[in-house]
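Reader: Hello! I would enjoy a close look at a single part of this structure, with its surroundings.

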Amino acid sequence: MGKFVVKETATGFKFDLKAGNGEVIATSEVYTTKAACLNGVESVKTNCVGEVEDLTAENPVEVKHPKFELFADKAGEYRFRLKAKNGEIIAVSEGYKTKESCENGIASVKKNAPEAEVVEAE
């Protein structure tokens, strides 16, 4: 079972969604308040049902929000970002060496986020 780990940073609060094995599968932006961060967690739980828009495809098919955008970064690694219904980015992934690994990361968010508990970082 996955969990959202909320932690305070130098400039606010952020969360990591971790899979059952402890691996970070998605990270938030830094929010100014803990309440805003917790709202971000709820937004991920609600919006992780979106389809995947593959921006690496030869002819990408646009998908309505909420959605996961799968893309290649400047270093050639695959990443995803989860966008809410309003188009705001609410979570991003690390870089993956293969597209398949990135797709597995998206599947992990879809599986873990809806029921994930929220815990404070230690």
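Which residues of α1 are buried?

Author: Happy to walk through that with you; please keep in mind that this is a predicted model. The buried residues of α1 are C37, G40, V41, S43, V44, K45 and N47. The helix itself runs over residues 34-47, which makes 14 residues. From its first C-alpha to its last, α1 reaches 20 Å, close to the 20 Å expected at 1.5 Å a residue.

Because F4 belongs to strand β1 and F15 to strand β2, the pair ties together parts that are 11 residues apart in sequence. F4 is buried, at a relative accessible area of 0%, and F15 is buried too, with a value of 0%.

Another edge-to-face pair is formed by F68 and F80, at 5.8 Å centre to centre and 70 degrees between the planes. This pair links distant parts of the chain, with F68 in strand β5 (residues 67-72) and F80 in strand β6, 12 residues apart. Both F68 and F80 are buried.

Going back to F4 and F15, ring pairs link them with Y31 into a cluster. One more ring contact may interest you: R81 lies over the face of F71, 4.0 Å from the ring centre.

Methods
Residues are numbered from 1 along each chain as its sequence is written. This is a predicted model: local features need pLDDT of at least 70, side-chain atom pairs count only at pLDDT 80 or more; totals for chains, interfaces and linings use all residues. Side-chain values use heavy atoms; hydrogens and water are left out. Helices (H or I, at least four residues) and strands (E, at least two) are DSSP runs, numbered from the N terminus. The expected span of a helix is 1.5 Å times one less than its number of residues. Buried means under 20% relative accessible area, exposed over 50%, partly exposed in between (1.4 Å probe, protein chains only). Rings of Phe, Tyr and Trp (its six-membered ring) pair if their centres lie within 6.5 Å; planes under 30 degrees apart count as stacked, over 60 as edge-to-face and the rest as tilted. A charge sits over a ring if NZ of Lys or CZ of Arg is within 6 Å of the ring centre and within 35 degrees of the ring normal.
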